[in-house]
Amino acid sequence: MGKKLLVLGASGNTGQHLVKQALERDHHVTALVRDPAKIEIEHDKLSVEKCDVFNKEEMRPHVENAEVVLSCLGFPLQRKEPVPYYLQVAQVLSETMHEFGKRRVVFMHSWYTHPESRARCRGFFLKNFFLPYVIGQSLNGMRLSEEYLDSTDHLDYTCIQPAHLLDGPVTDKKFILNETDSCIADAAQEINRADVARYMLAVIDDESSYRKIRAIGVGVDG
C-alpha cells in the first residue's frame, strides 16, 4: 500500500528519479521545490509545492501530512567552511517531525563523508585534489548533519551514501552496503542516480536501516 511521501530536492537530478519511481510504486508524493515549473511530471498522486525548506513555518504543514520524508538536496560548493545547509535542513526536519510525532526520514549524502575514509579512496586525482579542494567542505557539511542526527532520539533516520552519481537508467543491480565506513572497497566508484532512488524507496519500511549511515554501491561488473 502506498505511503504519503514528502520529497525534498524533488527537482534535482536524483529527486526527479525518486518522484517518478515513487509514483510508479503507488505512493502519494508531495514534492517540495523552489520552482514548481521544474517538475514536468503530472500525476493525480503528485502534489508540487513551492517551499523554503529552511523555514519551519512553511515546512510544518507538509511534514504534518507526511508518513516518510526523503531528501535528495544538494547545495553549492564552498571552499573554506563546511557547507552549513545539510545540518540546517536536518535541524528543521528534526524539530518539525518531533512536533508531529513523525520519525522516518531518509537522506542522500555521499561516499567519503567520514574524513578517515578519504585516505582509502582510489585514484590520485580524486584523493589529492577533488576530495580535499573541490567537494571536501560539502562532505564535511554532510558529516555534521550525520553527527547531529545521531544525537537525536526521536528520528528513525537513514543516511544513504552513494558513490559518484551518473545519469544512467534504473537497473536491477544488487546493492553492496557498508555501515562501518563511508566508502566500499569492492564496489564500482559510480552508481546511477536512478538506482540511488530505487534504494531510497526500498528502505522506507526497512527497520534494519533505522538510525544507520550506509554507504551504497554496486558491483564492478554489475
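**Note on a predicted model: pocket, cavity, core and selected residues**

1. The lining of the largest pocket is made up of 25 nonpolar, twelve polar and six charged residues. The structure is a predicted model, and every value below is computed from it. The pocket has a volume of about 1,200 Å³. Its lining takes two or more residues from each of helix H1 (13-24), strand S2 (28-33), helix H3, helix H4 (124-151) and strand S7 (164-166). H4 gives the largest share, seven residues.

2. The lining of the largest pocket counts 43 residues. Those nearest the centre of the pocket are Cys72, Leu73, Gly74, Phe75 and Tyr86.

3. One cavity of 30 Å³ or more is present in the structure. The largest cavity holds about 50 Å³ of space.

4. The largest nonpolar core has 67 residues. The members that touch the most other members are Leu8, Met59, Leu70, Leu93 and Met200. In soluble globular proteins, nonpolar side chains tend to be buried together.

5. Setting aside residues up to four places away in sequence, Met59 touches Leu8, Leu32, Cys51, Asp52, Val53, Val92 and Leu93. Two of these partners, Leu8 and Leu93, are themselves among the core members that touch the most others.

6. Which residue has the cysteine sulfur closest to that of Cys51? That residue is Cys72, and the two sulfurs are 16 Å apart, too far for a bond. For Cys159, the closest cysteine sulfur is again in Cys72, at 13 Å, which is also too far for a bond. The structure holds zero disulfides. Cys51 is buried, with a relative accessible area of 6%, and Cys159 is buried too, at 0%.

7. Is Gln21 buried or exposed? Gln21 belongs to helix H1 and counts as buried because its relative accessibility is 5%, under the 20% cut-off. Leaving out neighbours within four places in sequence, Gln21 is in contact with Val170, Ala194, Ala197, Arg198 and Leu201.

8. Glu57 lies in helix H2 (residues 56-64). Glu57 counts as exposed because its relative accessible area is 57%, over the 50% cut-off. In sequence, Glu57 and Thr96 are 39 residues apart, while in space their C-alpha atoms are 8.9 Å apart.

9. Asp26 is not a glycine, yet it has a positive phi of about 70°. Asp26 sits in the loop between H1 and S2 and is partly exposed, at 39% relative accessibility. Arg211, also not a glycine, has a positive phi of about 55°. The place of Arg211 is in the loop between helix H5 (193-202) and strand S10 (212-218), and Arg211 is partly exposed, with a relative accessible area of 29%.

Methods
Residues are numbered from 1 along each chain as its sequence is written. This is a predicted model: local features need pLDDT of at least 70, side-chain atom pairs count only at pLDDT 80 or more; totals for chains, interfaces and linings use all residues. Side-chain values use heavy atoms; hydrogens and water are left out. A nonpolar core is a set of buried Ala, Val, Leu, Ile, Met, Phe, Trp, Tyr and Cys residues joined through side-chain atoms within 4.5 Å. Buried means under 20% relative accessible area, exposed over 50%, partly exposed in between (1.4 Å probe, protein chains only). Contact means heavy atoms within 4.5 Å. On a 1 Å grid over the protein atoms alone, a cavity is a set of points where a 1.4 Å probe fits but cannot get out, and a pocket is an open set with protein on both sides within 12 Å along at least five of seven lines; lining residues have an atom within 4 Å of a point. Grid points are joined across faces, edges and corners, and a volume is the space filled by probe spheres set on the points. Helices (H or I, at least four residues) and strands (E, at least two) are DSSP runs, numbered from the N terminus. Ala, Val, Leu, Ile, Met, Phe, Trp, Tyr, Cys and Pro count as nonpolar, Asp, Glu, Lys and Arg as charged, and the others, Gly among them, as polar. A disulfide is a pair of cysteine sulfur atoms within 2.5 Å.
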